[in-house]
Amino acid sequence: MSGTDTATSSSAGRIQRRPYVVLDGVSKEFTSARTGVRETVFDDFSLTVHHGELVAVVGASGTGKTTLLHLVAGLERPDSGRITLNDDTLAAGSPTPGAGNSTDMARHRLGVVFQQPRLLDWVSVRRNLELALTSSGLDPAGADRALADVGLAEYAHHYPSVLSGGQRQRAAVARAFAVQPELVLLDEPFSALDQLTARRLRLLLQELWTARPRTGLLVTHNPLEAAFLADRVIVLDGRPARVSAEFTLDLSRPRTPEDPRLFTYQNEILAALG
Amino acid sequence: MARPTTATAGIQPAAHSSSSTGSAPTAPAVSGRVPASRKQPSHRGRFLGRTVLPVAAFFAVLVGGWQLVAVRSDSVLIPDVPTIWSSLADTVTQPLFYSSLGATLLRVGLGFALAFVTAVVIGIVMGRVEFVRRFFEPAVLIGLTVPGLVWALLCVIWFGVSLTNPVVAVALSAAPALTLSIYQGTRAMDSELREMAYVYRFSLATQLRYLWLPSLLPALLSGARLGLSLSWKVIVLVEMFGMSSGVGYELNNQFAAQNVAGVLSWTLLFAVVMAVLEYGVLQGLERRLGRWRKVATV
C-alpha cells in the first residue's frame, strides 16, 4: 500500500519499476481429470507484475490462465520454481494446496474476484464483507462504505440470493476492494454476466481502480476487456504455456469502452491468439 | 416460525450447482410446497383442503375399514375401534406409560448422540481423506445392510440388561446411515467457497461457523432424521429381548397376554411420539435454519 503513488491518469507515471509479483522458472503439472494423463501446464515459466500495474493474461481455455492465478493466490503450489509477492517467497515445491497453512501468504492481503461471486448464501451481503474484513484484521465497519462504493448500500442487509447476478458480482468486487488489498486477482470476473451488466461492472472496476490504484492480475478470454482494463496484456498459448505476445497499452484512464484504439488492440490480441 | 417466508414462494433462489447438490435431501420438499402458497384470498381454505383433507380421509378409511373387519370377523384377535380407543386412553393415563417412554427415549437419546458424534467425525474425515474413505467404506456398507434385529440380539448377548446394551445397539444401527449422509454432505461441499475462505484468510473458527456448519446442515439434519427412524425401530427390539423396562418391554408383555388392543395402543402412542420428534422438531429446525433459501423473492 505504502508503495503506490497517488492516482495519475497516465499509466507510465503510476507504475513503478519495482516488481510486486514475480514468477521465476515456475513449473506445474497435474493429472487431467478427463484423460488421466499427466500434463505440463507450465514449464520454466516466468512473469513479472510491477507495483501499481494491472496485467491482463489472455488465452484460449485450457492454457493455464486460471492455474496461473491460483499459483499467485497460493491456492496451488508450483512443482518447482519460485513465486514471490513483494519480495516474499511463497514456499515452492510444497505439495499442500489451498487450505494448508501458509503463513508466508497470510502476510499479503489479497482481493480476489472469481468468475462466480462466491458469497456465503446464508448470511447477509454485509456480513459477507464483514467476515472478509475481520479475517484480514480490519474494522468490519468498512463493509458499508465498500458496498456504497459499488452502489449496493441498500442491499447490505439482504441475503445474496435476493440479488441479481450482476449485483452479486458487484458485492464480490466490493469485498475484494474492502479488504484494502495489496494485490487484486481477477479470474474471468465478468464472463458469467450478460454483456450490458459486464460493461457496467468493467466501468465500475475502472472507477475503483482509478480512485485507489493497486497491483492487479486479470485473467480473461475477452481481448476487449483486457484492452479496456489493463496496462499490459500478455497472451498465453500452448501446453506447456508460453507467452506468445505482449502488449503495453499506452492509454490514459479513465478509458471509454468505445475508444477506437481499444478495438485496434483487440484485433492485435486476437491476431496473436491465432 | 419464520414470519416473512410463508407468503413468498414463487421463485427459488438460483443457488449455484454445487450447493444445491449439497442440499439435495431438502430441496424437493421445499419446491413441493411452492404451489400451495400462492397469495389468494381463499389461500388458507385451499391450503387446508389440499393438505389436511387427504390425511383426514386416510384415517377415516383406516378406522372405518378396521371397524368393519372387526365387526365382521367377531374375533378377540381383532378388537373393534372402541376397545382400542379405551385401551389407548387407559395406557395414556397410566404412570407406567410415561416411565416406560422416558426410559426408552433416554436410551434412544444416548445411543443416537453416540452415533451422531461418531458419524460427524468419521463422515467429515471420510470426505476429506481418500485413505480414510476407503478404510471406512466397507464398514459403512456392511453396517447399512445388517438388520437392526442382529444388532439387538448381539448387544443383548454381549451387554445383558445394562444401559450399554440399548445404547450400543442404537448407535450401531444409526451410525452407518448417518455417516454416509455426512460423508456425502462433505463431498458436496462447495470447494469454490473453500477457496474463497482461503484467499480471504478466514480463521478456522470462522470457517467452521460460517462455511462448514451451514454447508453440512442439510446433511446433518436429514441424517439425523434417518438415524432417528432407525434408532426407534431397534430400541423396541432390544427392549423386547433384553430389558425389563421401556416401551418394547411393555409391548412384549401385551404380546405375552395376547392383548391385541394393548399392543396396538402402545405402538400407536410410541409412533406418535417419534413422529412428533422426527417431523415436528427436526423438520421444524430444518425449515428454520434453511430460511435463507426461501427469501429469494421480494
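Trainee: How many helices and strands does chain A have?

Mentor: In this predicted model, chain A has nine helices and 10 strands.

Trainee: What share of the residues in chain A is buried, and what makes a residue count as buried?

Mentor: Of the 274 residues in chain A, 45% are buried.

Trainee: Why is α5(A) called oblique to α6(A)?

Mentor: The axes of helix α5 (residues 142-149) of chain A and helix α6 (residues 165-178) of chain A cross at roughly 130 degrees, coming within 9 Å. That angle makes the pair oblique, because 65 to 115 would be roughly perpendicular and over 145 roughly antiparallel. The crossing of α5(A) past α6(A) is right-handed.

Trainee: Which residues in α5(A) and α6(A) meet?

Mentor: From α5(A) come Gly142(A), Ala143(A), Ala146(A), Leu147(A) and Asp149(A), which meet Ala174(A), Phe177(A) and Ala178(A) in α6(A). By class, this contact has six nonpolar residues, one polar and one charged.

Trainee: Where in chain B is confidence lowest, and where highest?

Mentor: Helix α2 (residues 27-32) of chain B is lowest, with a mean pLDDT of 38, while helix α6 (residues 130-145) of chain B is highest, at 93. Over residues 1-39 of chain B the pLDDT is below 50, yet this stretch has 50 contacts in the model beyond near neighbours in sequence.

Trainee: How should one read coordinates where pLDDT is low?

Mentor: Not in detail. Chain B as a whole averages 82, with 84% of the residues scoring at least 70.

Notes: Residues numbered from 1 in each chain as written. Chains lettered and ligands numbered in written order. Predicted model: local features only at pLDDT ≥ 70, side-chain atom pairs only at ≥ 80, totals over all residues. pLDDT = per-residue confidence, 0-100. Helix = DSSP H or I, 4+ residues; strand = E, 2+ residues; numbered from the N terminus. Contact = placed C-beta atoms within 7 Å. Buried ≥ 20, exposed ≤ 12 C-beta atoms within 10 Å, placed from the backbone. Axes fitted to C-alpha atoms, helices over the stretch in contact; angles between N-to-C directions. Parallel < 35°, antiparallel > 145°, perpendicular 65-115°, else oblique. Left-handed = near helix turned anticlockwise from the far one by under 90°. Nonpolar A, V, L, I, M, F, W, Y, C, P; charged D, E, K, R; others polar.
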